[in-house]
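Hello,

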Amino acid sequence: MAKYLLLKHYRGAPAPVNNVPMDQWTPEEISAHVQYMNDFAARLEKTGEFVDGQALAPEGSWVRYDGEGRPPVTDGPFAETKDLIAGWMVIDVDSHERAVELAGELSAAPGKGGKPIHEWLEVRPFLAAKPSTTECTFK
């Protein structure tokens, strides 16, 4: 089994077919969308393919170290993830093909008017092994 991250974007991907921002949906349309996502996750829980998933709040900030004894620096002159990423789901599947299949199903979540959004989802595999110190400085 391999883990994949399915990223839902607010912007930055090609426009979906049903491209109406969520703030223009009715409460019923939002509820139907959330229910679709919950039903999708519940189905994957039964097959053992669901790991976790979350919608993200619009609040957030970038933070970086600014030197010994100095407070961290927040935000900056760049696109903020809070403006780009709407949410994510982690799945654990047998193959990349299965990850793509599931992302395609998730892309059909209903949007404005109850019609499928056909949104683009980013499918990213988790690293299968810890990188060597020559590849990455994470420890």
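Helices (H or I, at least four residues) and strands (E, at least two) are DSSP runs, numbered from the N terminus. This is a predicted model, in which local features need pLDDT of at least 70, side-chain atom pairs count only at pLDDT 80 or more, and totals for chains, interfaces and linings use all residues. Residues are numbered from 1 along each chain as its sequence is written, and side-chain values use heavy atoms, with hydrogens and water left out.

Sheet. Four strands form an open sheet in the order S2-S5-S1-S6, with antiparallel pairing; two strands pair if DSSP finds at least two bridges between them. Strand S2 (50-55) and strand S6 (121-125) are the edges, each pairing on one side only. From one strand to the next, the twist averages 15°. S1 and S5 run antiparallel and are joined by eight bridges; Tyr4 has Ile91 in S5 as its bridge partner.

Helices. H1 packs on the sheet and touches S1, S2 and S5, with its direction at about 20° to that of S5. H3 lies across S1, S5 and S6 and runs at about 140° to S5. Axes are lines fitted to C-alpha atoms, for helices over the stretch in contact (heavy atoms within 4.5 Å); angles run from 0 to 180 degrees between N-to-C directions.

Regards
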